[in-house]
Amino acid sequence: MKSLLLAAAVALMPLAACAQTPASVPADHGHAHSGFQSGRFHVRVEGEGRDIILIPGLSSHPDVWAPLVERLEGDWRVHMIHIQGFAGAPTMDNIDGPVAAPVAEDIARYIREQGLEDTVVIGHSMGGTIAMMLAARHPDLVDRLVVIDMIPFMGNMFGGPTATPASVTPIADQIGAGMAASTPEQWRASATTTIAGMIQTESLRAGPIEHSVTSDPGVAGRAMRELIVTDLRPELAAITAPTQVIYVAFNNPGMTPEITDGIYAASFANLKGVVLKRIDDSAHFIMLDQPVILADEVNDFLD
């Protein structure tokens, strides 16, 4: 079983390649941004209506949410998080230390300071981890939660079902350091291979590849290390928001949809009432490979 879990990690972990220090980009990126001050992320805001926060994964850009945003039913004010150090954004306060947990805390501050109410939070991959942190540690701020293709303890994928944060720390340290030390050429090659395995639709891979290679390798490496050693399973019971978890079957030798279902069911056993939904014929970026099906599931859940 341990070997199967290790194989599954390749499909689950957002090991997007991160290359050279990104070039500077216009402050507004051509979009309307919130005036909220944070060194952890900036926020693109679109539309009017009920508030929904979208958190992308490691080395990802808010643009990955476009297929879902255009299919949301009803009136929404969409807040798309762009984490500093990822996809061309300067590193700022993410220059050292953990990434996911501080981002989650600043999103909590964003919700309070902006006066958001009945807020829906959706996170993909690492964004799912951040969303779970937010909902567990600030349950009063999240009205509904959607986690896309992420489990609460990635350490199981590296150390098997009996893994603990301590037992997987050595491999987490190795992976994080390796990411940070890779040359730009190595990162670009890795990005191409990694994204190809995360997006089935070949024509949609170019953007996410560039998002990866224009991310900061140090930020990405520390974020990946943090994901591997963070075990949110004990915190899941603190989540009061109705929660939907959408995922894909692990596409690795020896893996089956039923094994994937079992891993997710066990991982979220502490979250009462969680709705688990597998989407087939998709890789990690479900919003790109199966935008209609994903939107249908999300709309039904938020209705």
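Figure 1. Glu46 stands opposite Val78 in β3. This is a predicted model, in which local features need pLDDT of at least 70 and side-chain atom pairs count only at pLDDT 80 or more, while totals for chains, interfaces and linings use all residues. Residues are numbered from 1 along each chain as its sequence is written, and side-chain values use heavy atoms, with hydrogens and water left out. Helices (H or I, at least four residues) and strands (E, at least two) are DSSP runs, numbered from the N terminus. Strands β1 and β3 run antiparallel and are joined by six bridges; two strands pair if DSSP finds at least two bridges between them. On β2, the pairing with β3 is parallel and covers five bridges. Ile53 has His79 in β3 as its bridge partner. Seven of the eight residues of β3 are buried, so the strand is largely enclosed by the rest of the structure. Buried means under 20% relative accessible area, exposed over 50%, and partly exposed in between (1.4 Å probe, protein chains only).

**Figure 2. Helix α3 and its packing.** Helix α3 covers residues 100-113, 14 residues in total. Its first and last C-alpha atoms are 20 Å apart, close to the 20 Å expected at 1.5 Å a residue; the expected span of a helix is 1.5 Å times one less than its number of residues. The buried residues of α3 are Ala100, Pro102, Val103, Ala104, Asp106, Ile107, Ala108, Tyr110 and Ile111. An α-helix has 3.6 residues a turn, so residues three or four places apart point the same way. The buried residues of α3 pack against strands β1 (41-46), β2 (50-55) and β3 (76-83), and against helices α4 (126-137) and α9 (217-229). Gly115, with a positive phi near 70°, follows α3.

**Figure 3. The side chains of His284 and Asp149.** A polar contact of 2.6 Å joins these two side chains. A polar contact is a pair of N or O atoms within 3.5 Å; within protein, one must be able to donate a hydrogen and the other to accept it, and residues adjacent in sequence count only if both atoms are side-chain atoms. His284 is in the loop between β7 (275-278) and α11 (286-289), and counts as buried because its relative accessibility is 2%. Asp149 is in the loop between β5 and α5 (156-159). Asp149 also counts as buried, at 2% relative accessibility. Phi of Asp149 is positive, near 55°, in a residue other than glycine.

Figure 4. Ser59 is placed in the loop between β2 and α2 (66-69). Phi of Ser59 is near 65°, a positive value in a residue other than glycine. Most residues other than glycine have a negative phi, and most peptide bonds are trans. With a relative accessibility of 1%, Ser59 counts as buried.

Figure 5. Thr183 lies in the loop between α6 (165-181) and α7 (184-198). Thr183 is partly exposed, because its relative accessible area is 32%. From Thr183 to Pro217 there are 34 residues in sequence and 9.3 Å in space, C-alpha to C-alpha. Lys272 belongs to the loop between α10 (257-267) and β7. Lys272 has a relative accessible area of 85% and is therefore exposed. Lys272 and Ala238 are 34 residues apart along the chain, with 9.7 Å between their C-alpha atoms.

**Figure 6. Helix α12.** The 12 residues of α12 (residues 291-302) should span 16 Å at 1.5 Å a residue, and the end C-alpha atoms are 16 Å apart, which agrees. Buried in α12 are Pro291, Leu294, Ala295, Glu297, Val298, Asn299, Phe301 and Leu302.

**Figure 7. The chain as a whole and its confidence.** The chain has 12 helices and seven strands. Of its 303 residues, 57% count as buried. The mean pLDDT of the chain is 90, and 90% of residues reach 70 or more; pLDDT is the predictor's confidence in each residue, from 0 to 100. Confidence is highest in strand β5 (residues 144-148), at a mean of 99, and lowest in helix α1 (residues 2-12), at 40. Over residues 1-30, pLDDT stays under 50, and the model has 93 contacts beyond four places in sequence for this stretch. Contact means heavy atoms within 4.5 Å. Where pLDDT is low, the predicted coordinates should not be read in detail.
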